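Here is a short report on one structure. Sequence and model come first, then the notes.

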Amino acid sequence: MQTSENTLPPCEFCTKDNHSNVLTERTDAIIERIGARRATIIPLLQALQAEFSYLPQEAIERIYERTEIDRAQLISVSTFYSQFRHIPLGKHLIKVCTGTACHVKGASNVYDAFIRQLNIEEGSVTTADRMFSVEKIACLGCCTLAPVVQIDEKIYGHVMPGKVDEVIIDFIENQTKKEKEELQKAQRQAAGEVRLGMGSCCMASGSADIYKELQSASAQLGIEINIKPVGCVGVCNKVPLIDVVSADGAIDRYPNVKAAEIKEILHHHFKPAGYLKRLKNNILWHIDTLHTDATWDNVVWKPEHERTGLISSFLHNQKHISTEGFGFLAPLNLDEYTAHGGFDALQKALATPRKEIVEAILKSGLRGRGGGGFPTGKKWEIVAAVQGEHKYVICNGDEGDPGAFMDRMMLESYPFRVIEGMLIAGYAVGADKGIFYIRAEYPLAVERIKKALALCRERKLVGSSIAGGSFSLEIAVFEGAGAFVCGEETALIASIEGERGFPKQRPPYPAACGLNGLPTLVNNVETLSQIAYVVKHGSEAYRSVGTEKSKGTKVFALAGKINHGGLIEVPMGITLNQIIEDIGGGVEGGRKLKAVQIGGPSGGCIPAELCGNPVDFDALIQLGAMMGSGGLVVLSEDDCMVDVARYFLNFTCDQSCGKCTFCRVGTRRMLDLLNKICSGKASLADIDLLEELAVNVKRSSLCGLGKTAPNPVLTTLKYFRHEYEEHVKGICKTGTCKDMVKYVITQDCIGCTRCAKACPVSAIPYTPYEIHTIDTEKCVLCGLCVEECSYEAVKKIGKAQKASVKP
Amino acid sequence: MQILINNRPVEALEGETLIEVARRAGSSIPSLCYAKGAKHKSSCMACAVKDCKSGQIIPSCTTLPVEGMAIDTEDAEVKLARTLSLELLLSDHRADCEAPCSMVCSSGLDVERFLGYYDAGQHREALEVLSAVFSLPEVACDACKAPCEKVCRRGSVDKSVAIRAIIKELLAVDEKAYNGEKKNEYAKDKSLYQSRLGRFTSTEKEHLQAATSSPSRCLHCACAGREKCRLRLYSTEAGIKRSRYEASSALPMKKIPIGGSLCFEPAKCIRCGLCVYNSKNGFTFTGRGFKMEIVLPEENKANISENLAKLCPTGAIYKQK
């Protein structure tokens, strides 16, 4: 806090003379707009940060003067949530995703590479010219494109350490281009429709470029088509993906399209309006085809079923309840949603007594999808039974698991379905106020929900007397400020109330005494997205899917070392092997499956030999894991299990709220022990100490975060104890733990010097035509030399090991 | 409402939490983050009890009894949870319960207390402390190899306090006050838990050198709140000798004067939050997780009442004598 006063940089908003005046005026305007009550602190700070890009000390002082918020509260809240910054960052912010999928694909090396490439001094995160800042972020939710980096609004997928320079250059070029370009829209009579997935993954893999190309190509060729951005198509490994709908309604699907292919695809399907244009295009097309390199391996215009049979197998075995309408529903087209049966369930519900709705949900066997698996109907029953004029219903969209992005996709792609679920929930329990709690890292989801709510309000589907009846529900959006623990319902409520996200001891449960002391129903996004189906089709239809105690479907984010990652919705009871083999197409690179990490930081690692087990709430708990919110990261024989455990502990330790001893100090001490084990300095007694601590942190922590944080450690200790023991001996077989490995260059080296040029720390002397060597002291193990070498001469070996000499 | 505590039926009164019911019924349950009548939120878990029905370990200080509840306050899991919670807190607690000089004196002199009176100019009291242990002080110290000066924490900063020279200086000034007949009421009880400060960082050394201005140069590392420290009390009861975890962090050792005789030492704080919840715009939290600290902004010092020293379960907030 205090440091910010000393390090205040020159202000970019004003000249020095009127600096504080301008700042004060702007701050006052924000206070005027947002409010001056203690409870409005988070939106207030968010607005200030949006205005100034950080929280300037003068603005903070102004808040003390003009609002109910005092110093103690502001310091407490603004340092709790990771979103808030007290020192300004560079003009452009580079966010390096360190989610699970990115971690196993080497995200920390990518981060180091950015720091090196931008010449950022040690201890700082910002370049000297204040152009770029680099920060690690828990998860961008684009796990299928790992490692992922976001610069301002633009997302880059598959960023390897050697490519960071290209990424930076591309970003700068794009910035300049953006300023020049102004695209024209020409949409008159449409010959057909092209649907383009515009979820975050799609955007990351270049859907925005495809969208632009579609616009310019159609204008250039004179082909008038409707370009329709749709929500997440689920097949994240095949994006950008477009569906071409001809005038007769036939659909052709093109996976992995490139901007260069768009013209050809349009040619193939549509005829330009005028005869001359058609002729010209035809000639030009033939000339193009004959004279470009693309001709040689040009299979672009073949539709998906000819091109690859993979997608159908990816989509086979899935069942769509939450994601019904994937690939054709436009996220914000209310007419289309209603045309496909949207809001039917709401109409049906409003015509049914509240009690019967609660009973239907109870009978359906639906369990909360946020992780714990508490029966949803039971929760509704409790809230409905509490007497009270005012009640809240909250949609928990604070999905924070690294490696999970289901809720984000659902909010982005099916906002109306979630809203419908919330309306039904609100009606059933007698709520009059609704809140969408969405994490701030999901700007697109926030925007879409806000727009969708506005559309619903116009149609009288949200607000007072919904659908002309007596039921009213006002729904607002609250943006989370970056704290994983706020996924816990009592912490979430505390944060809406303008406090630190400290969970509370239950009872009393939020159902009886929640937000502002009123009865409050908190349901997860995915849970709400299943409601409409249950109400519309009846609890029997819903019960028919799934296992005895886990009904319905579950959406998973499939990522990691898998051939076809993506967002999948599968019936409960499907086995992990089915998911990996039949849907995911097996382990990447033909490697052997080692384990599946399910449930993120609260879940555990299930070894390959147990992957025949069905996926349901109870079976997973039996195995020591947990459904969690649905991250599913596939680990191959190249992954170190101790490192995976350490990775998750690092996350929970960082995200612990700090209130109770076991979670605050306990997870930290566990992490210390894991670090010691990974560095090869531990003894066998340390493993026992770790286990004792893990068991007790699980048993005695106060909230769900602490109670589940040891799961990754406990499951790896249970199934992969031998790896821990190897580490104690100084061996990390997979070569993941940096303290135990080194890089060497073998006799295969031809002396091409590429590794020497690539090395960012000059650990490889430049010796042309001679076998190169690596100075282990200088080496930072970034792996750039391995990427660069065409002769596979750079090898990672154990530290104690000698370079194997090949003749 | 009736609940079972260790299989004995006990009547729970309206609004009472489990710890209050149990203590009234005669069970002794330790607690750090709870103080009767004060605002609190469960944090320390030293008051853990077991809910016999669910098998869960719960904090008794905030849990309200419900009909038909059965709790166990003596179970092995409960004891382990309590002991571990104390061990974890101790692993992140930097303090010397007693000053090393006082601990090593073979004659049992409370050196730090003696220096305290000396620094305050209370020479009579200082001599009384001396007289409680020595019949012939000059001789006693001359024959001794002075381990007190060897272990003196000031020695790791620059140079040890010249303890023997100060004793001689005082004796020379006022020999009359010396009376070798008194019983030593300050003898150190070595069965009590001893927390250790550990090494100073270089910034701490600089800070300590600059901030210490007492005539003896003594840092007074002995904890001023040790007599009422519940962390030490329960740790002793649990039989903890020393923390089994290597500490990975070191909170900076600083004495922050609050105003009046009140003082705050963040390195001793166990983050229970009692001082935050019971002051209005006073103490506050910063950061989260393991990095969470309790701070007192300069501007808020005026809002602090002396009662907070009584609430603090350790010697982090104390009244200077």
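Which residue takes a positive phi just after α21(A)? The residue is K460(A), with a phi of about 65°. This is a predicted model.

## Helix α21 of chain A

Helix α21(A) covers residues 443–458, 16 residues in total. From first C-alpha to last, the helix reaches 23 Å. That is close to the 22 Å expected at 1.5 Å a residue.

The buried residues of α21(A) are A445(A), V446(A), R448(A), I449(A), A452(A), L453(A) and C456(A). Seen down the helix axis, they fall within an arc of 165°, so they line one face of α21(A). An α-helix has 3.6 residues a turn, so residues three or four places apart point the same way. The face turned away from the buried side carries the exposed residues A454(A) and E458(A).

What covers the buried residues of α21(A)? The cover includes the strands β9 (392–397), β10 (433–439) and β11 (474–480) of chain A. Helices α19 (406–413) and α20 of chain A also contribute to it.

## The largest nonpolar core

The largest nonpolar core holds 324 residues. V148(A), I424(A) and L521(A) touch the most other members. Helix α20 (residues 415–429) of chain A gives the most to this core, with 10 residues.

Beyond its neighbours within four places in sequence, L521(A) is in contact with residues including W380(A), V383(A), Y392(A) and I394(A). A425(A), V429(A) and A511(A) are also among its contacts.

## Domains of chain B

Chain B is divided into domain 1 (2–76) and domain 2 (96–222). Their centres, taken over C-alpha atoms, are separated by 43 Å.

Conventions:
Residues are numbered from 1 along each chain as its sequence is written. Chains are lettered from A and ligands numbered from 1 in the order in which they are written. This is a predicted model: local features need pLDDT of at least 70, side-chain atom pairs count only at pLDDT 80 or more; totals for chains, interfaces and linings use all residues. A nonpolar core is a set of buried Ala, Val, Leu, Ile, Met, Phe, Trp, Tyr and Cys residues joined through C-beta atoms within 7 Å. A residue is buried if 20 or more other C-beta atoms lie within 10 Å of its own, exposed if 12 or fewer, and partly exposed in between; C-beta atoms are placed from the backbone. Helices (H or I, at least four residues) and strands (E, at least two) are DSSP runs, numbered from the N terminus. Two residues are in contact if their C-beta atoms, placed from the backbone, lie within 7 Å. The expected span of a helix is 1.5 Å times one less than its number of residues. The arc is that of the directions from the helix axis to the C-beta atoms. Domain bounds come from an automatic or database domain assignment.
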